[in-house]
Amino acid sequence: MKISEIKKELEFQSIPESAYSINKIKEESLCILKRRRYFEIFYYERGIENNAIAFKKEEEACNYFFNELKSWF
């Protein structure tokens, strides 16, 4: 899966948009961003990036992001 495909898959799974953010930082949400050569995933709350994890491969990052959100709901 790629970043361009995530939103469609999350909508299909009925994951609320308020729970995540793609390519931008949003309060109280799980975010996925491409920074330099890495894809970073973290929970953003009160101006702090929590539990950050970075992947070199887009597919690995997207699968992690998708599975993490699915586990919440």
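Where does Asn23 lie?

1. Asn23 sits in the loop between β1 (20-22) and β2 (29-35). Bear in mind as you look that this is a predicted model. The backbone at Asn23 is worth a look: its phi is positive, about 65 degrees, although Asn23 is not a glycine. As for the surface, Asn23 is partly exposed, with a relative accessible area of 47%.

2. Asn51 also has a positive phi, about 55 degrees, and Asn51 is not a glycine either. You'll find Asn51 in strand β4, which covers residues 48-55. Its relative accessible area is 72%, so Asn51 is classed as exposed, the cut-off being over 50%.

3. Is Leu33 buried or exposed? With a relative accessible area of 8%, Leu33 is buried. Setting aside neighbours within four places in sequence, Leu33 is in contact with Asn23, Lys24, Ile25, Tyr38, Phe39, Glu40 and Phe42. Notice that Asn23 from point 1 is among them. Another pair to look up is Leu33 and Ala54: they are 21 residues apart in sequence, while their C-alpha atoms are 9.5 Å apart in space.

4. Next, the helices. Helix α1 takes in residues 3-12 and helix α2 residues 58-72; they pack at an angle of about 20 degrees, and their axes are 10 Å apart. That angle makes α1 roughly parallel to α2, because anything under 35 degrees counts as such. The crossing of the two helices is right-handed.

5. Which residues of α1 and α2 make the contact? On the α1 side they are Ile3, Ile6, Glu9 and Leu10. From α2 come Glu58, Cys62, Phe65, Phe66 and Leu69. Sorted by class, this contact of α1 with α2 has seven nonpolar residues, two charged ones and no polar ones.

6. Staying in helix α2, have a look at Tyr64. Tyr64 is partly exposed, with a relative accessible area of 32%. Leaving out neighbours within four places in sequence, the contacts of Tyr64 are Ile41, Ile53 and Phe55. Take Ile41 as one of these: Tyr64 and Ile41 are 23 residues apart in sequence, and 8.6 Å separates them in space, C-alpha to C-alpha.

7. Last, the cysteines. How many disulfides does a search of the whole structure find? The count is zero. Cys31 is in no disulfide, and the nearest cysteine sulfur to it, that of Cys62, is 14 Å away.

Note on methods
Residues numbered from 1 in each chain as written. Predicted model: local features only at pLDDT ≥ 70, side-chain atom pairs only at ≥ 80, totals over all residues. Heavy atoms only, no water. Axes fitted to C-alpha atoms, helices over the stretch in contact; angles between N-to-C directions. Helix = DSSP H or I, 4+ residues; strand = E, 2+ residues; numbered from the N terminus. Parallel < 35°, antiparallel > 145°, perpendicular 65-115°, else oblique. Left-handed = near helix turned anticlockwise from the far one by under 90°. Contact = heavy atoms within 4.5 Å. Nonpolar A, V, L, I, M, F, W, Y, C, P; charged D, E, K, R; others polar. Disulfide = S-S within 2.5 Å. Buried < 20%, exposed > 50% of the residue type's maximum accessible area, 1.4 Å probe, protein only.
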